[in-house]
Amino acid sequence: MSELEDLMKAFGDSGGDKNILVNRDIAHLVASGHKILSMRAIEGLEVKAEETVTGIVANVRVMEGTIIKNPIHLCFGILHKKGLQEIKMNVRLERGAFAGFIAHCIFPKAEKVRHIMDAVVEIGESAEMRYSEVHYHGPYGGIEVIPKADVMVGKNGRYITDFSLISGRVGKLEINYTVSVGENAVTELTARVFGHGNDSIKIKEKVVLEGNNSKGLIKTRIAIEEKATAEVTGITEGNAEGARGHVDCMEIVKDSAVAQAIPIVKVSHPLAKVTHEAAIGSVDKRQLETLMAHGLTPEEAVNVIVRGILK
Amino acid sequence: MHLLEIKDITYRVKEKEIFSGLSLAVETGEVRAILGKNGTGKSTLAYLVMGCESYIPTSGEILFEGKVINDIKLHQRARLGITLAWQEPVRFEGISVRDYLTLKSKEVDPSGYLEMVGLYPELYLDRMLDKSLSGGERKRIELASIVALEPRLAVLDEPDSGIDMLSMQDIINVIDALKKNGTAVLLISHREEIAKVADSASLICNGKIVCSGNPEKVAQYYKSRKCEVCIEEVCVYV
């Protein structure tokens, strides 16, 4: 079996649609380690990617006014037990463009793997980018994943992301995103992670509301059990008239796991408003009793509640 | 043998005695209204029957089909066929109305249960059971879920209260559906109108059942009460 077939099998096993490789209307970029295995651009989308010693560098450009109907699929992974993958991505959506991305990051056998993502994203005026990133790190917890992104959202633009790591172990995760939001622009950052064993989760997301009437939401949903730890820092700054931001963090803790939430809100304009809410603790007793009154065991009830929060 | 029998229970929280020698029996398929003013312990009675955490009688017994259930856990009581609709149902993130109505069995068709409580399935089945629902919508869905469970005994705590109040017809529909399944209902309320849909009623006051029988008569007693909240004096209607 070729490396591409191996990766696509793991991709399929983790819920991905393997037909993306054959469908000519769907753009994709597939990389294993530092090898680019497959790549396709479509009209209005330019993808330039090259291999480096430790990973790949990719430049993605969605041209002015281009509406990309099908999501662009990115598939990055390491199929070996050990390895390093450094991805540098520059993404630019020009004025009035629209594109959705679905990124699969697959490390099914990771015992000593390091995956570093460094992205710079520029959303042009009235452009919109939706980015969904699904991770699978396998059962061993032997992985370090360090995604970093600097994003600028132009006037009337939208940037919506959803990071999900809810199957298998996490290993060590350190997310660091910063989004600067322009006039009338909107951003929503969602992260959902389920940690087990001695997994370590650190999420730092910062939204800077620079433009008038800009809006930002940071939503984090974490469940941790056994000896896992989670530290969530949600920072929102409101620096312009009519800016509205909200930080919403919920962490469910089981066993000896330890969770921490650090919401930081800063307002430098009298007509801006930023709010935050954080709830950390064990599963809500009333929720638990309600589900048990419907015939679920305590374990089943906890599972339904946790899966619901991470959905 | 009674379906539910509460035998001479006392329930004390710290120094306060909530119930002192309360007894009550409910038969299979019977709809029993429990009336009482605010603060008389009606919800506490519901939690004791359901077996909620830390709600264990200080003395006395609760029997279900002749078996003492004082030490049986909440989920095990649910498996015996007891369920409870809380006065203010909780909300859940990421759980759809469809998921909730089919928790017990995926074979259940949830549409009919929603229609029964006045909600259009096409508008509600895929909605989340979270804070996007109004209090009244959430309450209707809770009642629909209770009927879908087909329990032996349903304890409905103040089903007619809520931010967006349910109509009496909705309550009647739910009661009728439960009765059709042979479910007994313990219908807890502080409003005497609710007794109209019951087969029998009991008035709770000062930690005891002070009268039981014909719902209209009990409601009449209740209506002519002189105190708005329980002031822990022996009820004059005993």
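Me: Where in chain A is A:Ser126 placed?

Reply: A:Ser126 lies in the loop between strand E8 (112–123) and strand E9 (128–136) of chain A. Helices (H or I, at least four residues) and strands (E, at least two) are DSSP runs, numbered from the N terminus. A word on the ground rules: residues are numbered from 1 along each chain as its sequence is written, while chains are lettered from A and ligands numbered from 1 in the order in which they are written. This is a predicted model, where local features need pLDDT of at least 70, side-chain atom pairs count only at pLDDT 80 or more, and totals for chains, interfaces and linings use all residues.

Me: Why is A:Ser126 called partly exposed?

Reply: Buried takes 20 or more other C-beta atoms within 10 Å of the residue's own, exposed takes 12 or fewer, and partly exposed is in between, with C-beta atoms placed from the backbone. A:Ser126 has 19 C-beta neighbours inside 10 Å, so it counts as partly exposed. Its phi is near 60 degrees, a positive value in a residue other than glycine.

Me: What makes B:Ser54 exposed?

Reply: B:Ser54 has 7 C-beta neighbours inside 10 Å, so exposed is the label. This serine is in the loop between helix H1 (42–50) and strand E4 (59–64) of chain B, and it too has a positive phi, about 70 degrees, without being a glycine.

Me: How do you know that the span of helix H3 of chain A agrees with its 13 residues?

Reply: The expected span is 1.5 Å times one less than the number of residues. For residues 298–310 that should give 18 Å, and the end C-alpha atoms are 18 Å apart, so the two agree. Among the buried residues of H3(A) are A:Ala301, A:Val304 and A:Ile305. The buried residues of this helix pack against strands E13 (186–195), E15 (215–224) and E17 (244–253) and helix H2 (285–293) of chain A.

Me: How many residues of chain B are in contact with chain A?

Reply: 20 residues of chain B are in contact with 20 residues of chain A, contact being C-beta atoms, placed from the backbone, within 7 Å. Helix H2 (74–80), strand E6 (82–85) and helix H6 (135–149) of chain B each supply at least two residues of that side, and H2(B) gives the most, with 4 residues.

Me: What ipTM does the predictor give the complex?

Reply: The ipTM is 0.93, with a pTM of 0.85.

Definitions and conventions: Contact = placed C-beta atoms within 7 Å.
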